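Please report on the metal sites, helix packing and aromatic pairs of this protein. Keep it brief.

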Amino acid sequence: MNINAERLYASLTALGQIGAYSDPDSGVSGVRRLALTAADAQGRRHVVEQMKALGLEVTVDQIGNVFARRRGRDDGARPVMAGSHIDSVATAGRFDGCLGVLGALEVVHTLNDAKHVTRRPLVVAFFTEEEGSRFGTDMLGSAVATGRVPLERAWGLKDAAGLSVRAELEAIGFLGAQSVALAAPHAYVECHIEQGPTLKAAQQDIGVVTGVQAICWHELTLIGKSAHAGTTPMALRADPGVAASRINVKLRELVASGRYGTELRATMGQLRLEPGLVNVVPNRVTCTVDLRNPEEEILARALEELLGFYRQVATEEKITLTHRETARTPPVAFAQKVQELVAGAAKRRGLSSRAIVSGAGHDCQELARLCPAGMVFVPGEADGISHNPRELSTSEQCANGVNVLLDVLTALAEEEGR
Ligand code: GLV
Ligand code: MN
Ligand code: MN
């Protein structure tokens with residue numbers, strides 16, 4: 001059995017038109033479908049329609065995760081689940097997350113066409129706010145479904161405008177009735193773009209994902225003293241803008257020092273100065289830090305040094321600094337069994353593959369708490385650029401990944417037992 005590559009790519013393109021915008025820098029068409037916005041709602045309805053057209057039974061849970069179930073020959077057996085997310089960052093392409101969801105639906109379409117009924121039921125899922133771009137916590141829906149984040153806490157998270165997750169779920173009609181406590185599936189598999197340069201550079205068709213690195217996000221608030229830029233002597237200033245800049249440089253130094261090996265990633269992705277005027281020393285700065293490493297122990301040590309620097313810079317710049325940890329996940333290792341199935345399927349299809357650790361966070365790392373879980377990566381063009389409108393995997397690259405997904409899902413779905 002083979003999936004239909006053209007149908008899959010057309011489906012990615014169609015979903016990519018929902019929330020489309022023209023990137024002012026490159027002129028390329030991108031996707032802006034932040035979680036629980038009107039665009040996300042439209043995307044959700046579009047995907048739900050496809051699920052229903054494929055004959056799947058659709059349910060929505062209390063955090064807005066959507067599950068579409070295909071009956072199995074032994075319908076009481078635990079299902080095999082596949083999926084990902086369809087929410088996006090504000091400057092996305094059309095592949096991140098969508099390949100996992102639409103790819104799993106393409107698998108169902110292929111099975112339907114072949115009138116092939118698997119022993120276990122199959123469930124295709126998409127999870128709420130995987131990106132964390134709107135409400136600040138990544139993998140939110142899957143973290144709630146698997147018990148890491150309590151529902152009440154998730155419902156209470158607010159976006160920059162003060163709107164809560166619960167209110168927005170209600171507003172877009174996706175506050176479902178189903179309990180969020182997800183019953184353990186038999187297994188979970190997610191197909192995703194690599195979002196980096198490794199596979200393409202190594203000329204590999206498929207990434208066998210061994211796990212996901214540890215991630216920590218901070219949201220910092222720095223308060224100083226606003227003053228006239230021309231008249232206030234430098235010695236009298238308490239400038240939180242300078243403090244934030246020093247933290248950003250410190251992030252680069254943490255990496256460059258080599259004290260934390262070669263795999264530390266450190267980013268200040270948001271920085272806002274207030275009042276934000278050319279001739280006024282700012283009095284308030286908000287910024288974010290994203291720190292990642294495959295080793296928990298290394299990440300913890302780097303964090304310790306960073307926290308010490310927050311204190312140092314606050315004293316030296318005569319400002320107050322508070323930080324809030326908005327996301328923190330440990331490294332996650334994926335099931336050996338799923339890795340072997342992915343590698344075996346790639347080999348049987350004549351595709352090259354290699355093991356790879358995921359640099360990005362994924363819903364799969366949350367599901368890994370409940371059941372054997374794993375991922376199939378496909379390469380990306382243009383250095384695997386992602387979280388950017390230029391994100392691109394070709395039809396062939398996507399089809400390779402989804403064919404492997406098909407093989408892995410159908411193998412898992414024949415396994416014995418409950
Ligand atoms: C999710 O895309 C992440 O930030 O890793
Ligand atoms: Mn993703
Ligand atoms: Mn992403």
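The manganese ion (ligand 3) and the manganese ion (ligand 2) lie 3.7 Å apart, and Asp96 coordinates both. This is a predicted model: local features need pLDDT of at least 70, side-chain atom pairs count only at pLDDT 80 or more, and totals for chains, interfaces and linings use all residues. Residues are numbered from 1 along each chain as its sequence is written, chains are lettered from A and ligands numbered from 1 in the order in which they are written, and side-chain values use heavy atoms, with hydrogens and water left out.

**The two metal sites**

Donors are N, O and S atoms within 2.8 Å of the metal (3.2 Å for Na, K and Ca); water is not among the atoms, so sites may look incomplete. The table sets out both ions.

| Ion | Protein donors | Distances | Spacing along the chain |
|---|---|---|---|
| manganese ion (ligand 2) | His85 (NE2), Asp96 (OD), His192 (NE2) | 2.0 to 2.3 Å | H-x10-D-x95-H |
| manganese ion (ligand 3) | Asp96 (OD), Glu131 (OE), Glu131 (OE), His387 (NE2) | 2.1 to 2.5 Å | D-x34-E-x255-H |

Asp96 lies in the loop between strand S5 (80-84) and helix H3 (98-113). His387 sits in the loop between strand S18 (373-378) and helix H12 (395-413). The pair therefore ties together parts that are 291 residues apart in sequence. Helices (H or I, at least four residues) and strands (E, at least two) are DSSP runs, numbered from the N terminus.

How accessible is Asp96? Asp96 has 6% relative accessibility and counts as buried. His387 is partly exposed, with a relative accessible area of 36%. Buried means under 20% relative accessible area, exposed over 50%, and partly exposed in between (1.4 Å probe, protein chains only). His85 is buried, as is Asp96.

**Helix H1 and its partners**

Helix H1 (residues 5-16) meets helix H2 (residues 38-53) with axes that come within 10 Å and cross at roughly 150°. Axes are lines fitted to C-alpha atoms, for helices over the stretch in contact, and angles run from 0 to 180 degrees between N-to-C directions. H1 and H2 are therefore roughly antiparallel to each other. Angles under 35 degrees count as roughly parallel, over 145 as roughly antiparallel, 65 to 115 as roughly perpendicular and the rest as oblique.

Ser11, Ala14 and Leu15 of H1 touch Gly43, His46, Val47 and Gln50 of H2. Contact means heavy atoms within 4.5 Å. By class, this contact has three nonpolar, four polar and no charged residues. Ala, Val, Leu, Ile, Met, Phe, Trp, Tyr, Cys and Pro count as nonpolar, Asp, Glu, Lys and Arg as charged, and the others, Gly among them, as polar.

H1 also packs on H12, at an angle of about 110° and with axes 9 Å apart. H1 and H12 are therefore roughly perpendicular to each other. Ala5, Leu8, Tyr9 and Leu12 come from H1; Ser395, Cys398, Ala399 and Val402 come from H12. By class, the contact of H1 with H12 has seven nonpolar, one polar and no charged residues.

**Aromatic pairs**

The whole structure holds three aromatic pairs. Tyr9 and Phe95 form a tilted one, 6.0 Å centre to centre with 40° between the planes. Tyr9 is in helix H1 and Phe95 in the loop between S5 and H3, 86 residues apart. Both Tyr9 and Phe95 are buried. Ring pairs also link Phe67, Phe127 and Tyr188 into a cluster. Rings of Phe, Tyr and Trp (its six-membered ring) pair if their centres lie within 6.5 Å; planes under 30 degrees apart count as stacked, over 60 as edge-to-face and the rest as tilted.
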